[in-house]
Amino acid sequence: MDKGLHFMFCVVTTVLLLRESSQTGAVRNDDAMIKANDLRGPEENLPALTVTTILEDPYVMVRSAELEGYCIDLLKALASMLHFSYKVKVVGDGKYGAISSNGNWTGMIGEILRQEADIAVAPLTVTSAREEVISFTTPFLQTGIGILLRKDTVSQEMSFFHFLAPFSKETWTGLLFAYVLTCVCLFLVARLSPCEWNEPKNEENHFTFLNSLWFGAGALTLQGVTPRPKAFSVRVIAAIWWLFTIALLAAYIANFTALLSSGSEQLPIQTFEDLVKQRKLEFGTLDGSSTFYFFKNSKNPIHQMIYEYMDKRRDHVLVKTYQEAVQRVMESNYAFIGESISQDLAAARHCNLIRAPEVIGARGFGIATAQASPWTKKLSVAVLKLRESGDLDYLRNKWWESSCLHKSRDRWSPLQPQALGGLFLTLAIGLALGVIAAMVELSNKSRHAAGHVKVGDCHHLCLPLGLPSV
């Protein structure tokens with residue numbers, strides 16, 4: 001009896017172990033192919049898809065003989081939702097997909113047309129030309145065409161009178177007009193008010209026109225000056241002018257501080273028109289990419305100029321890979337025209353790069369399938385569900401995380417001489433004018449005194465300086 005029970009226990013244990021091992025899956029990696037399945041259940045009942053992709057950071061990257069990245073995470077999420085297994089292969093020719101000279105499609109588009117792959121999960125732009133031969137799902141990423149630049153190649157040089165930049169020319173003109181008008185009002189009101197006359201018999205009034213100008217300038221710089229107003233009417237004008245100058249100085253200091261802190265982020269190249277007009281930087285895009293054909297087919301005159309420039313210098317300005325483009329931007333005077341979302345990643349990874357503000361040609365990245373494929377509708381619905389649940393935003397933040405913002409906050413750099421050069425020049429001119437005015441006043445007084453005492457001008461000129469006369 002005991003032997004029978006022991007035999008039955010061994011049989012049951014063996015059957016359970018065999019069943020568990022039959023349900024265990026494995027992930028096998030090859031240099032350019034990965035077979036992955038995170039599902040639970042019998043694998044033989046799952047449809048298997050061949051997925052083609054392209055190596056591009058951060059969409060698909062090779063790390064420790066395994067593929068990872070945004071598209072790999074997206075593929076895993078889709079496989080979990082739609083219950084399919086897959087194997088990933090990197091496109092053989094390393095291209096996205098374009099029509100070659102013999103009329104055949106290259107890259108991932110060609111592999112789908114030749115039935116070498118079922119779907120393409122990659123940063124593949126949805127275009128009309130591609131849509132004619134294959135099908136696309138709902139875009140999983142929205143992007144456009146932007147300009148990637150290196151900060152030091154396009155940093156705007158500060159003008160010598162950079163301290164005047166917080167206000168526009170119109171504001172400075174209005175300020176000068178307000179200053180003169182206020183000083184004239186002070187002068188007239190002080191002449192009309194009897195309280196400003198010390199003694200009517202002497203007919204003396206300290207608010208002369210020059211003193212009024214001096215009073216307004218002193219208030220503008222928050223300095224106490226004389227003469228002090230005595231009449232109520234003059235004090236009203238003075239109080240209003242003081243209030244005006246306080247608000248004006250607060251606005252100037254705030255704008256000047258913001259201008260100095262953001263001076264390194266100002267770009268003279270803001271638009272594609274600015275890029276065409278400049279002569280310092282070369283610019284190009286990926287050879288055979290949708291961006292290149294966008295400019296080729298565009299009717300916009302600026303876009304046509306960009307295409308003609310790139311087409312004439314095709315061998316020199318067009319690059320083969322995105323990594324080559326980023327490296328060239330970092331090492332030479334080169335601007336790269338490409339997908340804005342990929343450029344945002346480059347700017348997040350390399351803090352000396354920046355993307356110009358203008359973005360044109362709004363488009364999206366979609367999953368490519370064969371025409372009339374039953375997977376197109378299923379994948380589109382799955383992508384929409386991932387977007388609605390916030391999973392796509394999570395993947396976007398995960399793979400586009402940047403540390404440049406923290407570095408820029410911690411970085412401090414002293415002001416360059418050009419930023420305050422105009423102030424020093426203004427000070428030098430003011431000192432020179434003061435010395436010249438003093439010499440003119442001394443000369444006039446010396447001549448006037450010499451006419452009364454009959455002594456040479458040189459004698460009176462040397463007395464204030466403490467020099468012996470000749």
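Predicted model: local features only at pLDDT ≥ 70, side-chain atom pairs only at ≥ 80, totals over all residues.
The expected span of a helix is 1.5 Å times one less than its number of residues.

## Overall make-up

The protein has 470 residues, and 38% of them are buried. Its secondary structure consists of 19 helices and 14 strands. Of the contacts between residues at least 6 apart in sequence, 71% join residues at least 24 apart.

## Helix H15

Helix H15 covers residues 375-388, which makes 14 residues. At 1.5 Å a residue the helix should span 20 Å, and its end C-alpha atoms are 20 Å apart, which agrees with that expectation.

Which residues of H15 are buried? They are Trp 375, Thr 376, Leu 379, Ser 380, Ala 382, Val 383 and Leu 386. These residues cover an arc of only 165 degrees around the axis, so they sit on the same side of H15. An α-helix has 3.6 residues a turn, so residues three or four places apart point the same way. On the other side of H15, Lys 377 and Glu 388 are exposed.

What covers the buried residues of H15? The cover includes strand S3 (48-53), strand S7 (119-120), strand S8 (135-136) and strand S14 (368-369), together with helix H2 (70-82) and helix H16 (391-399). After H15 comes Gly 390, whose phi is positive, near 85 degrees.

Leaving out residues up to four places away in sequence, Ser 135 touches Ile 367, Ala 368, Thr 369, Ala 370, Gln 371, Ala 372 and Thr 376. One of these, Thr 376, is also one of the buried residues of H15.

Phe 84 lies in the loop between H2 and strand S6 (85-90). Its relative accessible area is 0%, so Phe 84 is buried. Phe 84 and Ala 48 are 36 residues apart in sequence, while their C-alpha atoms are 5.9 Å apart in space.

## Backbone features in loops

Most residues other than glycine have a negative phi, and most peptide bonds are trans.

| Residue or bond | Backbone value | Loop |
|---|---|---|
| Asp 57 to Pro 58 | cis, omega near 5 degrees | Pro 58: between S3 and strand S4 (61-63) |
| Ala 65 | phi near 65 degrees | Ala 65: between S4 and strand S5 (66-68) |
| His 83 | phi near 60 degrees | His 83: between H2 and S6 |

Is Ala 65 buried or exposed? At 53% relative accessibility, Ala 65 counts as exposed. His 83 has a relative accessibility of 48% and counts as partly exposed. The loop that holds His 83 lies between H2 and S6, and Phe 84 is placed in the loop between these elements too.

## Pocket and cavities

Rolling a probe the size of a water molecule over the atoms shows where empty space is left.

The second largest pocket has a volume of about 490 Å³. It is lined by 25 residues, and the closest to its centre are Gly 94, Lys 95, Tyr 96, Asp 287 and Lys 320. Helix H10 (290-297) and helix H13 (322-331) are the elements that give two or more residues to this lining. By type, the lining of the second largest pocket holds 11 nonpolar, nine polar and five charged residues.

How many cavities of 30 Å³ or more does a search of the whole structure find? The search finds two. The largest cavity has a volume of about 180 Å³. Its lining comprises 18 residues, and those nearest its centre are Tyr 96, Thr 125, Leu 286, Ser 289 and Glu 339. The elements that give two or more residues to the lining of the largest cavity are H10 and strand S11 (334-339). S11 gives the most, with four residues. The lining of the largest cavity divides into eight nonpolar, seven polar and three charged residues.

Note on methods:
Residues numbered from 1 in each chain as written. Heavy atoms only, no water. Buried < 20%, exposed > 50% of the residue type's maximum accessible area, 1.4 Å probe, protein only. Arc of directions from axis to C-beta. Contact = heavy atoms within 4.5 Å. 1 Å grid on protein atoms, 1.4 Å probe; cavity = no way out; pocket = protein on both sides within 12 Å on 5 of 7 lines; lining within 4 Å. Points joined across faces, edges and corners; volume = space filled by probe spheres on them. Nonpolar A, V, L, I, M, F, W, Y, C, P; charged D, E, K, R; others polar.
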